[in-house]
Amino acid sequence: MSNALSPAQRLTQLINTISEYNYQYYVADNPTVPDAEYDRLMRELLEIETAHPDLRSPDSPSQKVGGATLSAFEQIEHEVPMLSLDNAFDEGDMVAFEKRIKDRLNITDEISFSCEPKLDGLAVSILYENGKLVRAATRGDGRVGENITSNVRTIANVPLSLRGDTYPSRLEVRGEVIMTRSGFIKLNEAQISKGKKPFVNPRNAAAGSLRQLDPRITAARPLLFYSYSLGLVENEKQPLDITHSARLKQLSEWGLPLSKELETAQGASECLTYFHKVGELRSQLSYDIDGVVFKVDNIEMQQALGFVARAPRWAIAHKFPAQE
Ligand code: 5U1
């Protein structure tokens, strides 16, 4: 009997291998394959798909190039609203934030916070059903956003399929789409050389790139996505962790990218240390940030604290002074 794989079998093998390399590169920050080998596998995959178009699947890495042009963006109602954040501008605001939480929960113990950079991009919600990316939407007004699925599918570090088999059957992941500073500079050089108007900053460039009706244009733009929370969760196969920080870590195990600067801190004083540390790092990061976000790490405490208007009582954005 021959050991040769059928085109369908080889294609499945290539999709799995390339998806794993993408995970190692974008999420685990541990590139495991030389570019030349990656390109060779990608070429082989494209050759099989060209020879057997019926075998082309929507989760193939080849589908990152962008599909058909849209005539308009459809409106999508978020099943779980996308919230915004209250701001803190100084140490006093942070101390008052912690005090409000302790008073409301009637506790004196130190609160554990998840500490995250506040990426200066566009908030996006991505829905996975049975591990497959089925929909992505902008935040819009928090209740209704725009369907930008075709564009989000082209973002290099957004997995089209989740890893493993422990993810809930419906899982919504929220985060920020950004353009790196180096990608922004290159894009603007290309804009200028084509006689086009340059973008004002990476945030505007990311926003403009996501609002393209032709996903092939989005695919050519250097966008990245970083997760910061969960939205809708249905039919968990295993209970979700009881802390926000562990839930984020779980997202990365399912293949979703996280920013590297995530930490936890005890109390407002450690939060302020994190604020100053990330402030020092700010100019060296590959993307723009406009502050840091602190979230009560314990999910039960988050639930007990609830919301005021559209902002949770359990989170705050500590903004950096505006930069040129
Ligand atoms: N890092 C981070 N950015 N950010 C923005 N976390 C985070 N959380 C947000 C927003 C609007 O909203 C929470 C209420 C989920």
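Analyst: The discussion below takes up the sheets and then the ligand. Please keep in mind that this is a predicted model.

User: How should I read the strand order of a sheet, and what is the order in the sheet of 4 strands?

Analyst: Strands count as paired when at least two bridges link them, and the order follows from listing the partners. Here the sheet is open and runs β5-β4-β7-β8, with antiparallel pairing. Its edge strands are β5 (132–138) and β8 (223–234), each of which pairs on one side only. From one strand to the next, the twist averages 25°.

User: How many bridges join β7 and β8, and which residue of β8 is the bridge partner of Glu 176?

Analyst: Strand β7, residues 170–179, pairs with β8 over 9 bridges in the antiparallel sense. The partner of Glu 176 is Tyr 226 in β8.

User: What is the order of the sheet of 5 strands, and which strands stand at its edges?

Analyst: That open sheet has the order β2-β13-β10-β3-β9, and its pairing is mixed. At the edges stand β2 (87–88) and β9 (263–266); each has a single partner strand, so one side of each lacks a neighbour in the sheet. Within this sheet, β10 and strand β13 (residues 315–319) run antiparallel and are joined by 5 bridges. As one point of reference, Val 292 stands opposite His 318 in β13.

User: Which residues surround the ligand?

Analyst: The surrounding residues are Leu 83, Leu 85, Glu 116, Pro 117, Tyr 228, Ser 229, Val 293, Lys 295 and Pro 312.

User: What polar atoms lie by the nitrogen atoms of the ligand?

Analyst: For such pairs of N or O atoms, the cut-off is 3.5 Å. A polar side-chain atom of Lys 295 is 2.8 Å from a ligand nitrogen, and a polar side-chain atom of Glu 116 is 3.0 Å from a ligand nitrogen. Pro 117 instead provides a polar backbone atom, 3.1 Å from a nitrogen atom of the ligand.

User: What share of the ligand's exposed area does the protein bury?

Analyst: Taken alone, the ligand exposes 380 Å², and the protein buries 89% of that.

Terms used: Residues numbered from 1 in each chain as written. Predicted model: local features only at pLDDT ≥ 70, side-chain atom pairs only at ≥ 80, totals over all residues. Heavy atoms only, no water. Helix = DSSP H or I, 4+ residues; strand = E, 2+ residues; numbered from the N terminus. Axes fitted to C-alpha atoms, helices over the stretch in contact; angles between N-to-C directions. Near = heavy atom within 4 Å. Polar contact = N/O pair within 3.5 Å; in protein donor to acceptor, adjacent residues only side chain to side chain. Areas by Shrake-Rupley, 256 points an atom, 1.4 Å probe, with all protein chains shown as cover.
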